[in-house]
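User: I am new to reading protein models. Can we go through the terms one by one?

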Amino acid sequence: MTREGPPPRETVGAAHPTVPDPAPMPSTPPSVARPVIEPPTTPPAFMPNDALKDIHFTPGGIAVVKRDLPLLNAAASWLVANGVLIVIEGHTDDRGTWGQNLGISERRARYVMSALVVKGVEVTRITTVGVGADRPICLDRTEACRAQNRRVHFLVRPR
């Protein structure tokens, strides 16, 4: 009875070339400067900046109060000179429904964004958000207090 399959393997003899042994590893590795890899860090959070003052609005609309027009121009100049990323938060007072306040706050933020873009700030650096009446800075139910809450607030962070 014969077996089918491959023939038996020959043993390696002198007729076959030999592979030299690898060079022995040095006992101490050569001193090679390895780059220091820093662990990834989270980007800095958006923060207020003293150079950017809140812009205030008339009740129920997107018209900037006249006394704050110089603040809007100063914000534009500062933002053109400083290449930061910007969040423009629109806020309202406590009057009106939640939906009305959200819509007004979004329009205020977009209005200020448009004014900044016209003055040379890159639109790709700007994010707008409508907050509505959810984050008031004054809680009294007086007109003076409500006027403080009808605003656009700036937050920035480096690119």
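**Terms and values**

User: What makes the disulfide of C138 and C145 left-handed?
Analyst: The torsion about the S-S bond of C138 and C145 is about -130°, so this disulfide is left-handed. The model is predicted: local features need pLDDT of at least 70, side-chain atom pairs count only at pLDDT 80 or more, and totals for chains, interfaces and linings use all residues. Residues are numbered from 1 along each chain as its sequence is written, and side-chain values use heavy atoms, without hydrogens and water.

User: How do you know that C138 and C145 form a disulfide?
Analyst: A disulfide is a pair of cysteine sulfur atoms within 2.5 Å. The sulfur atoms of C138 and C145 are 2.0 Å apart, and they form a disulfide. The structure holds one disulfide.

User: Why is C145 called buried?
Analyst: Buried means under 20% relative accessible area, exposed over 50%, and partly exposed in between (1.4 Å probe, protein chains only). C145 has 2% relative accessibility, so it counts as buried. C138 has 16%, so C138 is buried too.

User: Is A74 buried or partly exposed, and why?
Analyst: A74 has a relative accessible area of 40%, so it is partly exposed. A74 is found in helix α1, residues 69-81. Helices (H or I, at least four residues) and strands (E, at least two) are DSSP runs, numbered from the N terminus.

User: Why do strands β2 and β4 count as paired?
Analyst: Two strands pair if DSSP finds at least two bridges between them. β2 (residues 85-91) and β4 (residues 151-157) have six bridges, so they pair, in the antiparallel sense. E89 has H153 in β4 as its bridge partner.
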